[in-house]
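Hi there,

Here is the structure I promised to pass on to you. Please open it alongside this note, and then read on for what turned up.

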Amino acid sequence: MTGQDWMEKDFYAVLGVPKGADETEIKKAFRKLARKLHPDHNPGDASAEAKFKEVGEAYAVLSDREQRQQYDQLRAMTGGARFSAGSGRGGNGGFEDMFGGMFGGGGAPAGGPRVRYSQPGGAAGFDDILGGLFGGGGGSGGAPAGFRQPRAGVDLAATTTLPFRQAVQGSTVTLGVESRNVTARIPAGVHDGQKIRLRGKGRPGEQGGPAGDLVVTVRVTPHPVFTLEGINLRMNLPVTFDEAALGATVTVPTFDGETVRLRVPEGTPSGRVLRVRGKGVTTSKGVGDLLVTVQVVVPQKLTGAAREAVEAFAAATAGADPRADLTAQALE
């Protein structure tokens with residue numbers, strides 16, 4: 001950014017703030033625009049990238065108290081107008097009159113001696129003069145001293161492990177990130193392997209640039225009874241053969257430590273899912289259900305009386321073949 005840019009660009013307008021804006025207003029405006037126009041959020045958008053650079057230039061000047069004061073003084077003297085080397089003779093005085101006064105050549109009577117500033121090829125050029133005036137000497141095309149493009153911080157990654165109950169209910173964890181502690185709120189119902197993005201908790205930006213994000217991968221330890229499916233909880237319910245065949249009302253534990261009475265209909269097969277409403281995960285989006293999968297338990301050993309009873313049942317149902325259509329279906 002050259003000295004000429006300081007005269008041609010209205011940095012306040014670029015950031016959308018009034019001239020009297022304080023540091024907080026300027027920083028807030030910059031962060032909002034930088035996040036909106038950042039190349040990562042606008043891939044391939046040359047217009048957004050150009051505006052992002054303009055915003056960075058504006059903030060670099062206005063966020064530095066000394067540079068802002070110099071910029072305001074220069075804009076006040078020139079009124080934001082563009083000047084070029086030349087005779088300077090005009091209604092309001094030209095480039096030479098303005099800088100002649102600043103370096104001892106102003107106020108001379110008509111026809112008197114004038115200090116003349118020429119473009120490269122003769123003495124120092126316009127940009128060299130501004131560069132020397134504001135500490136950015138070293139030739140035209142150089143940025144004012146201290147100018148650095150604001151850079152957004154990079155995203156960081158972290159991993160945390162939660163017990164199943166904390167994952168279902170939500171939890172607050174403290175993570176060690178690059179020699180600092182970051183407190184993160186893990187929402188209720190988080191799944192094993194789920195990634196949570198914490199905006200602005202990554203590596204800080206440079207020169208006032210926005211901080212990166214922290215991406216947290218959550219690991220959830222298994223529970224002996226319950227598993228998570230969306231906002232629903234799942235569990236397996238063992239039932240006896242007679243409960244499944246004849247129907248029964250059984251007691252089922254819930255995640256909140258209570259129990260509910262669940263009706264198993266007559267003739268319920270193993271694998272059927274029964275629903276207990278409102279006993280799932282409580283989130284801001286609603287409350288899930290408890291999904292109960294029936295599992296008919298087959299005895300590993302039978303007593304004499306039990307064996308006789310089963311044999312009697314087999315004889316009574318000898319005409320039923322549960323595999324009657326299996327072969328035909330396998331050929332489809």
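Below is what was found, from the overall picture down to single residues.

Before anything else, please keep in mind that this is a predicted model, in which local features need pLDDT of at least 70, side-chain atom pairs count only at pLDDT 80 or more, and totals for chains, interfaces and linings use all residues. Residues are numbered from 1 along each chain as its sequence is written, and side-chain values use heavy atoms, with hydrogens and water left out.

**Overall picture**

The protein has 332 residues, and 35% of them are buried (buried means under 20% relative accessible area, exposed over 50%, and partly exposed in between, with a 1.4 Å probe and protein chains only). Its secondary structure comes to 11 helices and 13 strands; these are DSSP runs numbered from the N terminus, with helices being H or I of at least four residues and strands E of at least two. Among contacts (heavy atoms within 4.5 Å) with a separation of 6 or more, 55% are between residues 24 or more positions apart. The accessible surface is about 19600 Å², and carbon and sulfur atoms account for 51% of that; such areas come from the Shrake-Rupley method with a 1.4 Å probe, and for residues only the protein chains shown count as cover.

**Salt bridges**

The count here is 12 salt bridges, each being a side-chain nitrogen of Lys or Arg within 4 Å of a carboxyl oxygen of Asp or Glu.

- Glu49 pairs with Lys53, with their closest N and O atoms 4.0 Å apart. Both residues lie in helix H4 (residues 46-62), four residues apart, or about one turn of the helix. Glu49 is partly exposed at 37%, and Lys53 is partly exposed at 44%.
- Arg197 meets Asp213 at 3.2 Å, N to O. Arg197 is in strand S4 (residues 195-198) and Asp213 in the loop between S4 and strand S5 (214-220), so the pair ties together parts 16 residues apart in sequence. Asp213 is buried at 5% relative accessibility, while Arg197 is partly exposed at 42%. Both belong to a network of salt bridges that also links Asp155 and Arg199.
- Lys279 pairs with Glu258, with the closest N and O atoms 3.4 Å apart. This pair links distant parts of the chain, 21 residues apart: Lys279 sits in the loop between strands S10 (273-276) and S11 (282-283), and Glu258 in the loop between strands S8 (248-253) and S9 (259-264).

**A buried threonine**

Thr160 is in strand S1 (residues 156-162) and is buried, with a relative accessible area of 10%. Leaving out residues up to four places away in sequence, Thr160 touches Val173, Leu175, Val216, Thr217, Val218 and Arg219.

**A loop with positive phi**

Most residues other than glycine have a negative phi. In the loop between strand S2 (171-177) and strand S3 (180-186) you will find Glu178, whose phi is positive, near 50°. Ser179 is in the loop between S2 and S3 too, and its phi is near 65°, also a positive value. Glu178 is partly exposed at 42%, whereas Ser179 is exposed at 87%.

**One more place to look**

Lys32 lies in helix H3 and is exposed, at 66% relative accessibility.

Best wishes
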